[in-house]
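Here are a few notes from my pass through the model, core and ligand both. Have it open beside you as you read.

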Amino acid sequence: MTSAAQIPAVLLSAARRAGRIAVLTGAGMSAESGVPTFRDAQTGWWARFDPAELATPQAWQRDPDLVWGWYLNRIRGVRAAQPNAGHRALARWGRRAPVDVVTQNVDDLHERAGSRVLAHLHGALTAFRCDSCATPFDGPVPGLPPADGPAEVTDRMPPPRCAHCPGQIRPGVVWFGEALPPGAFDDAADAVRAADLVLVVGTSGLVFPASTLPDLAQAAGVPVVEINPEQTDLSRRAEASWRATAAVALPALVDALYGSSEDDRLEPAD
Ligand code: OAD
């Protein structure tokens with residue numbers, strides 16, 4: 001168990017003083033929920049698959065059935081996963097203080113833990129829309145049973161057709177080469193500049209423009225602290241880098257701030 005003594009002093013004192021906190025999360029935030037990251041050796045998606053084949057507009061044009069099938073599998077994985085202790089600690093912190101959560105993750109684990117997410121920089125898996133007229137789609141998705149339903153997804157799957165035009169339904173994620181959702185980056189930039197502490201949790205910091213947010217914070221004089229079991233580019237620039245996982249570090253930090261309370265740890269009812 002991580003004790004308060006292991007929390008970097010600069011983090012604990014900044015967190016105690018902070019009126020506003022911004023937390024930037026990446027795939028490592030959900031790793032302990034069993035959702036694969038992208039770049040971790042062996043287990044990361046991009047260690048096993050070529051992003052150019054699955055996460056670009058060109059891949060979608062070339063082979064929509066392959067791309068749709070892969071995203072259906074990812075959605076099923078997320079639906080089967082539960083928020084981990086790190087997600088729940090952030091939600092608990094957010095009930096006690098103004099915490100702006102900005103995530104690169106396309107899953108909904110922050111929300112299911114009880115956090116309000118200020119910005120999903122890379123969209124959301126299930127924010128389906130037409131690839132032609134952009135009309136949102138909330139119809140039935142073949143191959144996507146409820147979370148407790150039978151596993152039926154095969155590798156390839158034709159995407160549903162749009163009811164309004166000849167287009168096809170696509171996942172609500174941002175692919176490489178595409179623009180971020182309108183307003184998402186500006187909201188994130190405003191949040192990191194307005195914060196008294198920026199925590200960067202579980203991201204390799206290799207994808208632009210999310211990777212620039214810690215610099216924007218530091219340029220505004222806001223301390224940046226990283227939580228990541230591995231070294232990243234940010235490690236050298238951050239005020240502190242805590243080599244711990246999200247599900248260990250965040251509950252330890254929030255317990256140090258507010259004391260441990262079993263009641264507070266309960267997940268909110270749906
Ligand atoms: P990456 O896979 O690039 O990086 C994951 C980071 O999480 C690494 O630095 C790991 O060391 C760290 N990590 C692993 N397990 C952890 C744990 N239990 N607790 C804390 N940290 C842990 O994922 P991202 O940085 O999120 O974009 O990737 C950024 C973007 O690249 C993604 O949003 C996605 C991807 O291509 C799109 O799909 C557009």
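How far does a backbone N or O atom of Gln104 lie from an oxygen atom of the ligand?

1. The distance for that Gln104 backbone atom is 3.3 Å. Keep in mind that this is a predicted model, where local features need pLDDT of at least 70, side-chain atom pairs count only at pLDDT 80 or more, and totals for chains, interfaces and linings use all residues. Numbering runs from 1 along each chain as its sequence is written, and side-chain values use heavy atoms, with hydrogens and water left out.

2. The side chain of Trp46 has an N or O atom 2.8 Å from a ligand oxygen, and a polar backbone atom of Ala246 sits 3.0 Å from a ligand nitrogen. On its own the ligand has 790 Å² of accessible area (Shrake-Rupley, 1.4 Å probe), and the protein covers 94% of that.

3. Now the largest nonpolar core: 31 residues, meaning buried nonpolar residues (under 20% relative accessible area, 1.4 Å probe, protein chains only) joined through side-chain atoms within 4.5 Å. Trp93, Leu197 and Leu199 are among those with the most contacts inside this core.

Methods. Buried means under 20% relative accessible area, exposed over 50%, partly exposed in between (1.4 Å probe, protein chains only). A polar contact is a pair of N or O atoms within 3.5 Å; within protein, one must be able to donate a hydrogen and the other to accept it, and residues adjacent in sequence count only if both atoms are side-chain atoms.
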